[in-house]
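Visitor: Hey, I've got a protein model open and I'd like to go through it with someone. Can we chat about it bit by bit?

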Amino acid sequence: MNLLVRAGLSGVAAAGAAVGVAEVVAVWTGPLSAPLLAVGGVVVDHVPAPVKDFGVQVFGVHDKTALITGTAILLAIYAYGVGVVALRSWRWALAGIGLFAAIGVAAAVTRHDAGALAAVPTLVGAGLAVWVLRYLLDLAGADLASAPPARMVEPARVGAGPAAGDGPDHDGAVAPRRGASPGPYRKIDPESRRRFLKACGITAGAALVAGVGGRLLTSRKAVTAARKEVVLPAARQTAPPLPAGVQAPGATPYISPNKDFYRIDTALYPPQVDPATWQLRIHGMVRNPITITWDQLLQRPMIERYVTLACVSNEVGGDLIGNARWLGTPINQLLEEAGPLPGADQVVQRAVDGWTCGTPTATLLDGRDALLAIGMNGEPLPVNHGFPVRMVVPGLYGYVSACKWITEIELSRFADFDAYWVPRGWAQQAPIKTESRIDTPRDGAERSPGTVVIAGVAWAQHVGIKLVEIQIDGGAWAEATLAATVSSDTWRQWSYSWQATEGKHTIRVRATDNSGYTQTSTPADPAPDGATGWHSVQVSVG
Ligand SMILES: Nc1nc2c(c(=O)[nH]1)N[C@H]1C(S)=C(S)[C@@H](COP(=O)(O)O)O[C@H]1N2
Ligand SMILES: [Mo]
């Protein structure tokens with residue numbers, strides 16, 4: 001291992017120490033003030049839309065982990081470079097660490113609602129990185145004589161010679177340990193090498209403990225405890241009882257359990273909103289601005305409804321859709337108390353993290369069960385799904401209606417304000433498109449000849465599904481059996497008994513909704529307002 005590699009490793013270890021200690025500091029200053037998450041968050045908000053769609057498609061719900069891992073790898077490469085640069089010029093290495101700090105600080109303080117305190121984790125981290133880098137480079141046998149050493153006490157050498165940190169003297173003290181051959185490929189004796197590697201290992205280990213410990217402390221400060229204490233009020237109107245036969249055999253469960261419910265949002269760390277301090281402000285183009293607290297919200301009439309949410313990014317056949325029983329207060333009553341002014345055609349919902357969506361005012365007032373929701377399948381909203389309060393609007397894609405961690409509702413005009421996804425290339429208004437999906441058999445499945453059950457789901461929220469048809473190998477369309485349903489606001493299951501013959505077959509599905517519209521066969525991408533096309537699967541029968 002030559003000096004270049006040792007220097008590079010020193011850089012990586014120093015960066016690790018910086019990130020680790022920053023996580024500990026961020027226990028106080030908030031999870032998003034830690035540099036990796038802050039920079040990751042900026043990337044999420046500023047990456048071009050197609051790249052982000054790529055991320056969602058390729059990594060699915062793991063896109064957040066992938067993003068953080070990617071950021072960490074980039075940082076490691078950069079830090080390796082800083083370590084190598086330090087061999088030539090300590091000043092340039094300091095500049096390199098300074099740049100890292102500047103990016104981290106800039107990212108952290110520009111996050112929504114961040115104060116100057118958000119700069120602290122990165123600054124502490126960068127300070128530590130300077131110290132650790134210098135220390136490890138010394139152990140690595142680097143000759144940093146071209147620059148004055150930082151003023152510091154180096155524990156490893158305390159008592160082992162002249163006082164450490166004393167300018168030229170100090171430099172003199174390291175001289176004997178430098179390798180005999182000068183230049184970047186210089187080797188060091190095995191004993192020094194062992195000491196260097198040990199120091200790197202200890203640094204990396206300490207960084208890991210600090211990072212993981214910081215994360216654990218952060219999650220202990222999270223609102224999970226507050227959530228456990230929430231007692232949901234009884235609904236004035238409970239959800240309709242599930243009719244027998246709501247579940248078609250082989251289809252996805254009619255109700256998606258909370259833990260399996262798809263999750264899509266821009267939050268790298270789910271916002272931690274304490275109900276004790278939560279408020280919702282309704283303002284903007286209204287006659288009577290309103291602010292309500294959590295306790296006031298709980299006093300309002302609550303109803304319970306099944307509603308199927310869908311993400312606009314869902315591909316044909318995709319799984320970014322889920323059905324739950326929501327408990328909440330009808331939003332139209334609150335809006336009417338606030339009294340929208342004429343012309344206020346857009347309701348802008350704003351989350352505590354600054355994310356926004358825009359919903360047509362008319363949709364929220366047309367009598368559908370649009371809920372300011374606090375409960376999901378009999379529990380308080382899970383933190384990932386918007387605890388303590390979110391919106392649920394039957395019939396609109398999530399990105400234009402389903403604001404999680406909601407704290408603000410501003411009556412506005414579509415002409416005056418573009419919500420989060422609109423400048424990123426998605427439509428301002430986006431009702432859910434009528435679609436259907438085959439859940440069984442899966443694409444590529446094998447079956448024996450004879451009766452094969454084909455089953456799946458179809459949805460046209462707030463319009464309702466009238467008909468589902470199946471087509472085998474491009475033949476005639478045959479009507480599937482529709483399962484029972486509770487309302488037009490949820491998906492509807494269907495099944496079909498197919499007499500399968502030997503060979504490879506293609507199965508297609510299409511749905512017709514209660515407006516009489518039959519799904520178009522024309523494939524369209526999710527952007528800008530939802531995918532279209534018929535879902536198909538191939539099966540081998542033999
Ligand atoms: N605050 C906030 N709310 C949000 C989002 C977001 O990024 N931030 N994403 C929306 C999108 S695109 C969808 S599809 C739904 C998904 O809700 P879920 O994660 O509970 O399934 O939440 C919506 N609400
Ligand atoms: Mo979405």
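Visitor: Which helices each supply at least two residues of the lining of the second largest pocket?
Guide: Helix 1 and helix 2 (35–46) do. Keep in mind that this is a predicted model.

Visitor: Okay. And which one gives the largest share of that pocket's lining?
Guide: Helix 1, with 3 residues.

Visitor: How much space lies in the second largest pocket?
Guide: About 940 Å³. There are 40 residues in the lining, and the closest to the pocket's centre are L32, H112, P271, V352 and D353.

Visitor: How does that lining split into nonpolar, polar and charged?
Guide: You get 19 nonpolar, 13 polar and 8 charged residues.

Visitor: Let's talk cavities. How many are there of 30 Å³ or more?
Guide: The count comes to 3. The largest cavity has a volume of about 120 Å³.

Visitor: Which residues are closest to the centre of the largest one?
Guide: G11, A15, A79, I97 and A129, out of 13 residues that line it. Helix 1, helix 4, helix 5 (90–110) and helix 6 (120–139) are the elements that give two or more residues to that lining.

Visitor: What classes do those lining residues fall into?
Guide: For the largest cavity it's 11 nonpolar, 2 polar and no charged.

Visitor: And what about the second largest cavity, how much space is in there?
Guide: About 80 Å³. It also has 13 lining residues, and N314, Y397, E435, W459 and A531 are the closest to its centre. Here the lining has 7 nonpolar, 3 polar and 3 charged residues.

Visitor: Back to helix 1. At what angle does it pack with helix 4?
Guide: About 130 degrees. Helix 1 covers residues 3–29, helix 4 covers residues 63–88, and their axes are 7 Å apart. That angle makes helix 1 oblique to helix 4.

Visitor: Is their crossing left-handed or right-handed?
Guide: Right-handed.

Visitor: Which residues meet there?
Guide: On the helix 1 side you'll find L3, L4, V5, A7, G8, L9, G11, V12, A15 and V19, and they meet L75, A76, A79, Y80, G83, V84 and L87 in helix 4. By class, that contact has 14 nonpolar, 3 polar and no charged residues.

Visitor: What about helix 5 and helix 6, how far apart are their axes?
Guide: 9 Å, with a packing angle of about 155 degrees. Helix 5 and helix 6 are therefore roughly antiparallel to each other. Helix 5 passes helix 6 in a right-handed crossing.

Visitor: Who's touching whom in that pair?
Guide: Helix 5 brings W90, A93, L94, I97, F100, A101, G104 and V105, while helix 6 brings T122, L123, A126, A129, V130, L133, R134 and L137. That contact has 13 nonpolar, 2 polar and 1 charged residues.

Visitor: Helix 6 also packs with helix 8, I see. At what angle?
Guide: About 160 degrees, with the axes 9 Å apart; helix 8 spans residues 190–220. Helix 6 and helix 8 are therefore roughly antiparallel too. Their crossing is left-handed.

Visitor: And which residues make that contact?
Guide: V132, Y135, L136 and L139 come from helix 6, and S192, R195, F196, A199, C200 and T203 come from helix 8. They divide into 7 nonpolar, 2 polar and 1 charged.

Visitor: New topic: the backbone. Is the peptide bond from T440 to P441 cis or trans?
Guide: Cis, with omega near -5 degrees. P441 sits in the loop between strand 11 (435–440) and strand 12 (445–447).

Visitor: What kind of peptide bond joins A527 and P528?
Guide: That one is cis as well, and omega is about 5 degrees. You'll find P528 in the loop between strand 18 (503–513) and strand 19 (536–541).

Visitor: Why point those out?
Guide: Because most peptide bonds are trans, and most residues other than glycine have a negative phi.

Visitor: So what's the phi of H462?
Guide: It's positive, about 75 degrees, although H462 is not a glycine. H462 is in the loop between strand 13 (450–459) and strand 14 (465–472).

Definitions and conventions
Residues are numbered from 1 along each chain as its sequence is written. Chains are lettered from A and ligands numbered from 1 in the order in which they are written. This is a predicted model: local features need pLDDT of at least 70, side-chain atom pairs count only at pLDDT 80 or more; totals for chains, interfaces and linings use all residues. Side-chain values use heavy atoms; hydrogens and water are left out. Axes are lines fitted to C-alpha atoms, for helices over the stretch in contact, and angles run from 0 to 180 degrees between N-to-C directions. Helices (H or I, at least four residues) and strands (E, at least two) are DSSP runs, numbered from the N terminus. Angles under 35 degrees count as roughly parallel, over 145 as roughly antiparallel, 65 to 115 as roughly perpendicular and the rest as oblique. A crossing is left-handed if the near helix is turned anticlockwise from the far one by less than a right angle, and right-handed if clockwise. Contact means heavy atoms within 4.5 Å. Ala, Val, Leu, Ile, Met, Phe, Trp, Tyr, Cys and Pro count as nonpolar, Asp, Glu, Lys and Arg as charged, and the others, Gly among them, as polar. On a 1 Å grid over the protein atoms alone, a cavity is a set of points where a 1.4 Å probe fits but cannot get out, and a pocket is an open set with protein on both sides within 12 Å along at least five of seven lines; lining residues have an atom within 4 Å of a point. Grid points are joined across faces, edges and corners, and a volume is the space filled by probe spheres set on the points.
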